[in-house]
Amino acid sequence: TAAGSKMKKGALLISFLEPYSTEQTVEKLVSAGVNAIGMEVIPRTSRAQSMDALSSQANIAGYRAVLEAAAQLNRFFPLMMTSAGSARPAKVAVLGAGVAGLQAIATARRLGAKVEAYDVRSEVKEQIQSLGARFIDIQIEEEGSGQGGYAKELSEESKRKQQLQLTERLKGFDVIVSTANIPGRKAPVLITEDAVKGMRSGSVIVDMAAANGGNCTLSE
């Protein structure tokens, strides 16, 4: 934002803009007379595929999130069998099955973890299962698909049901990678404080939605 205010009037800025953030970046660019193109709001169509920087970065982030979790977890991801005994595979939950979430699922599976995943969009169940993960089936009686393949914001009642059912399910996981975001909205709360307190000591949560408010109530 500071750089934008120093640009000359009529200049063209092409970058990630985070137009929905509280920094009021777009408003400040407008007042400075700067023209701006936000890379993250380029439509996800075949015609614009080569410019889809959002998907490419999300793909990398989903991969890296699992590597970070594996490095922090004080146990192994795969089944480990040794002469001294064996260790069961880590249980990993991935919340949100967009580009980042699907890559996180694939990466955790490649590392040998047992993976389950959840998304409010029922149509992604098949994609989750195709990667070898189990679909976490939550009954909220509302379809979560929005425009452009993104999730939409649920009603307050559906949010409550979602949090209640997820809380008990999430307590049994060693790792949670959360990727759920809604364009232009605060990230949905999927991991309650009660869920975190119910997880075993040493468990790891990677909240990829932290910058937008967080999927976990304890994220800073």
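A residue counts as buried when its relative accessible area is under 20%, as exposed when over 50%, and as partly exposed in between. Keep that in mind as we walk through this predicted model.

Let's start with the salt bridges, of which there are eight. Three of them are listed here.

| Salt bridge | Closest N and O atoms |
|---|---|
| Arg 121 with Asp 119 | 2.9 Å |
| Arg 200 with Asp 174 | 2.5 Å |
| Lys 197 with Glu 193 | 3.0 Å |

Arg 200 forms its salt bridge with Asp 174. This pair links distant parts of the chain, 26 residues apart: Arg 200 sits in the loop between α7 and β9, and Asp 174 in the loop between α6 and β8. Arg 200 has a relative accessibility of 42%, so it counts as partly exposed, whereas Asp 174, at 1%, is buried. Together with Arg 88, these two residues make up a network of salt bridges.

Arg 121 is buried at 9% relative accessible area, and Asp 119 is buried at 8%. Lys 197 and Glu 193 lie four residues apart in helix α7, about one turn of the helix. Here Lys 197 is exposed at 62% and Glu 193 is partly exposed at 36%.

Now for the strands. In β5 (residues 91–95), four of the five residues are buried. This strand runs parallel to β6, joined by five bridges, and pairs with β8 in the parallel sense over four bridges. Val 94 has Ala 117 of β6 as its bridge partner, while Ala 93 is partnered by Ile 176 of β8. With helix α4, strands β5 and β6 make a right-handed β-α-β unit.

Technical notes. Residues numbered from 1 in each chain as written. Predicted model: local features only at pLDDT ≥ 70, side-chain atom pairs only at ≥ 80, totals over all residues. Heavy atoms only, no water. Buried < 20%, exposed > 50% of the residue type's maximum accessible area, 1.4 Å probe, protein only. Helix = DSSP H or I, 4+ residues; strand = E, 2+ residues; numbered from the N terminus. Pairing = 2+ DSSP bridges. Right-handed = clockwise from strand over helix to strand, strands pointing away. Salt bridge = Lys/Arg side-chain N within 4 Å of Asp/Glu carboxyl O.
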